[in-house]
Amino acid sequence: MSEQLVFDFTLPTVQTPAVRLPPHPLPEVSAPAEDTFIYSGSSAKCAEFFKMFDRLAAESNRALHTVFDDFCLMGRCIVHNFGMQEPLLARYMPKYEQCRTEYFERAKYYKQPQIILILNMLKALSELLAWQPDDYLSRYFGQTRLDKHFHGQFFTPVHICEFMAAITFGDGLSPEKPYVKVAEPACGSGAMIIGLVRHLQKQGLNNLGGKLLIMATDIDQLCVNMAYLQLGILGLSVRITHGNTLTNEAWDAFDTPNLQINNCLRYFK
């Protein structure tokens, strides 16, 4: 079983001190007025992360819903290919190349300082998830009313998901099995799984990368990216499928880094 990964979102080839980012406050540009978001009801850590989306929209002159979609896709690609080398590359080369291509297709719309900002946003998200697992991406999605630009999704609040996990799993995982299989047929942004993580952590269970084998599916590509990003950073072993559970269609699938390693170790049998 692999240890739970710790992500370090840096660009070793980029000399960060030489890059001059615009000072605060930023001038008012680009983002449509309807996308304005007043930050309230969140921790200071969370509010700072949310504000980074406004900053990225302003610097790139792209709409808020566009930079949110770009961040989730680019983040999924970065996390998927994180530290990938032999023997992972031998097993995942086609998917590695796919993610690399997808990343550069979106990265071309951003200049170097904005790429560094995206990496800082990934770092901020990873720190938030380490501090307190939560569905931060869906919270931002809902509070900024980004549903207007996508498919009108409503994401279940994570405290409801944690309550449902407590009903299902009770005192925790069975000690008789090395790991438990979990299926999420409509995973959204991963809130149900995050609720399960929160419940299990309260039962004293941590480092869940080898204790849960999670199969998650969603019909929406944005949800796939949101879920992959958050669950991958949490160090869980998850295969997230872009597909339709009702019709049993599957168009694409991505293994989180912990699942990639555990598959190569043949831990899950």
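**Exercise 1.** Find which residues touch the most other members of the largest nonpolar core.

*Solution.* Start with the term: a nonpolar core is a set of buried Ala, Val, Leu, Ile, Met, Phe, Trp, Tyr and Cys residues joined through side-chain atoms within 4.5 Å. Buried means under 20% relative accessible area, exposed over 50%, partly exposed in between (1.4 Å probe, protein chains only). The largest core has 65 residues, and Phe49, Phe68, Phe71 and Leu137 touch the most other members. Next, take Phe49. Beyond four places in sequence, its contacts (heavy atoms within 4.5 Å) include Phe71, Met121 and Leu137.

This is a predicted model: local features need pLDDT of at least 70, side-chain atom pairs count only at pLDDT 80 or more, and totals for chains, interfaces and linings use all residues. Residues are numbered from 1 along each chain as its sequence is written, and side-chain values use heavy atoms, without hydrogens and water.

**Exercise 2.** Describe the ring pair of Tyr179 and Tyr267.

*Solution.* Rings of Phe, Tyr and Trp (its six-membered ring) pair if their centres lie within 6.5 Å; planes under 30 degrees apart are stacked, over 60 edge-to-face, the rest tilted. The structure holds 14 aromatic pairs. Tyr179 and Tyr267 are tilted, with centres 5.9 Å apart and 50 degrees between the planes. The pair ties together parts 88 residues apart in sequence, because Tyr179 lies in the loop between helix H6 (158-169) and strand S1 (180-184), and Tyr267 in the segment after helix H9 (257-264). Helices (H or I, at least four residues) and strands (E, at least two) are DSSP runs, numbered from the N terminus. Finally, check burial. Tyr179 is buried at 12%; Tyr267 is partly exposed at 21%.
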